[in-house]
Amino acid sequence: PSRQLGDAIQGVLRASEFFSRYPLEARSRFLRINVWLPDRERSTPVELVDAARAKRLRDKAGRELGWRLANHLVVLLKDTIEREISLGFISKNRVRSVPKLRPPHQQLSSHRRRIRPIRQPISSPANLLKRENSSV
């Protein structure tokens, strides 16, 4: 029996053993991904979901939703395929090797704005001599 990816994801979102092990924030992100999922991908048979398709979908989610939600999409796909294997709809997990996206590159600490000192520099004997010599 052929099963569509959208139905399989709905099954994971309803299954308490998969869905309830995540914190509330992650569960809300999974629901947001489910709403976002394109119809073309939703109607794809689960047997055809492989690493290349999962990476394309992850990259598209990264562009449209951001890298965090794209990483949650990867987790949701992996859980979906894992559940489909346990139910006997498919025999092999071909999404297991899909990596998560890295966060966007942050600025180096040397490129930050210059912080102005709050106080005047502490006067040392050498600084006092320089001040006296420069005013003469």
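User: What covers the buried residues of α3?

Analyst: Keep in mind that this is a predicted model. The cover includes α1 (5-14), α2 (16-19), α4 (39-42), α5 (51-65) and α6 (67-87).

User: Which residues of α3 are buried?

Analyst: Look for A26, F30, I33, N34 and W36. Viewed down the axis of α3, these residues stay within an arc of 160°, so they line one face of the helix.

User: How many aromatic pairs does the structure hold?

Analyst: There are 2. In one of them, F19 and F30, the ring centres are 6.5 Å apart and the planes sit at 45°, so we call that pair tilted. F19 belongs to helix α2 and F30 to helix α3, so the pair ties together parts 11 residues apart in sequence.

User: Are F19 and F30 buried or exposed?

Analyst: For this call, buried means under 20% relative accessible area. F19 has 15%, so it's buried, and F30, with 2%, is buried as well.

User: Which residue forms an edge-to-face pair with F30?

Analyst: That's Y22: the Y22 and F30 rings are 5.1 Å centre to centre, with 80° between the planes. Put together, F19, Y22 and F30 make one aromatic cluster.

Technical notes
Residues are numbered from 1 along each chain as its sequence is written. This is a predicted model: local features need pLDDT of at least 70, side-chain atom pairs count only at pLDDT 80 or more; totals for chains, interfaces and linings use all residues. Side-chain values use heavy atoms; hydrogens and water are left out. Buried means under 20% relative accessible area, exposed over 50%, partly exposed in between (1.4 Å probe, protein chains only). Helices (H or I, at least four residues) and strands (E, at least two) are DSSP runs, numbered from the N terminus. The arc is that of the directions from the helix axis to the C-beta atoms. Contact means heavy atoms within 4.5 Å. Rings of Phe, Tyr and Trp (its six-membered ring) pair if their centres lie within 6.5 Å; planes under 30 degrees apart count as stacked, over 60 as edge-to-face and the rest as tilted.
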